[in-house]
Amino acid sequence: QVQLVESGGGLVQAGESLRLTCTASRSVLLFKTMNWYRQAPGNQRELVAGITRDGTRTYGTYASSEKGRFFISRDDAKNTVTLQIYNLKPEDTAVYYCHVQNFGALTYWGQGTQVTVSP
């Protein structure tokens, strides 16, 4: 079993930045991919960004778009995956979830952290 704990969410104003961190209870070297999803009220959960085990490839709806506002990284020594978000917009308001997949295709989710962006 793997526990994932997200932190770093909160209430911010448009234009500010946030750094979300997901800490895993086991070594992140066990995970094939580590991802951040988000879900806004009334919307489906969507993939924001993901990163491969060796950190050489990132992907996701926002990882390479939105003029570089979303950046994902991992720290194997700390067992964390981080999502840095710049220039936050009200439409970024959502619960952000950490998600990992191991090499056996098992997946785990964190409980989520709320990000609220005021105009």
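Student: To begin, is His99 buried or exposed?

Tutor: Please keep in mind that this is a predicted model. His99 is buried, with a relative accessible area of 8%, because anything under 20% counts as buried.

Student: Where does His99 lie, and which residues does His99 touch?

Tutor: His99 lies in strand 9. Setting aside residues up to four places away in sequence, His99 touches Leu4, Thr33, Met34, Asn35, Tyr37, Thr107, Tyr108 and Trp109.

Student: Thr33 is in that list. Which residue stands opposite Thr33?

Tutor: That is Thr52, in strand 5. Strand 4 and strand 5 pair in the antiparallel sense, over 6 bridges. Their hairpin has 6 residues between the strands, and Gly42 there takes a positive phi near 80°.

Student: What about strand 5 and strand 6: how many bridges join them?

Tutor: There are 2 bridges, and these strands run antiparallel. Strand 5 and strand 6 form a hairpin with 5 residues between them, and Gly55 in the turn has a positive phi of about 75°.

Student: Why is strand 5 described as largely enclosed by the rest of the structure?

Tutor: Because 5 of its 7 residues are buried.

Student: Changing topic, how many residues does the largest nonpolar core have?

Tutor: It has 30 residues, and those with the most contacts inside it are Leu4, Trp36, Val81, Leu83 and Tyr96. Among the strands that each supply at least two residues of this core are strand 3, strand 4, strand 8 and strand 9. In soluble globular proteins, nonpolar side chains tend to be buried together.

Student: Which residues is Leu83 in contact with?

Tutor: Apart from neighbours within four places in sequence, the contacts of Leu83 include Leu18, Leu20, Trp36, Val48, Phe70, Ile72 and Tyr96. Arg19 is also one of the contacts of Leu83.

Student: There is another arginine, Arg69. Is Arg69 buried or exposed?

Tutor: Arg69 is buried, with a relative accessible area of 5%. Its place is in the loop between strand 6 and strand 7.

Student: What polar partners does the side chain of Arg69 have?

Tutor: A polar contact of 2.8 Å joins the side chains of Arg69 and Asp92.

Notes: Residues are numbered from 1 along each chain as its sequence is written. This is a predicted model: local features need pLDDT of at least 70, side-chain atom pairs count only at pLDDT 80 or more; totals for chains, interfaces and linings use all residues. Side-chain values use heavy atoms; hydrogens and water are left out. A nonpolar core is a set of buried Ala, Val, Leu, Ile, Met, Phe, Trp, Tyr and Cys residues joined through side-chain atoms within 4.5 Å. Buried means under 20% relative accessible area, exposed over 50%, partly exposed in between (1.4 Å probe, protein chains only). Helices (H or I, at least four residues) and strands (E, at least two) are DSSP runs, numbered from the N terminus. Contact means heavy atoms within 4.5 Å. A polar contact is a pair of N or O atoms within 3.5 Å; within protein, one must be able to donate a hydrogen and the other to accept it, and residues adjacent in sequence count only if both atoms are side-chain atoms. Two strands pair if DSSP finds at least two bridges between them.
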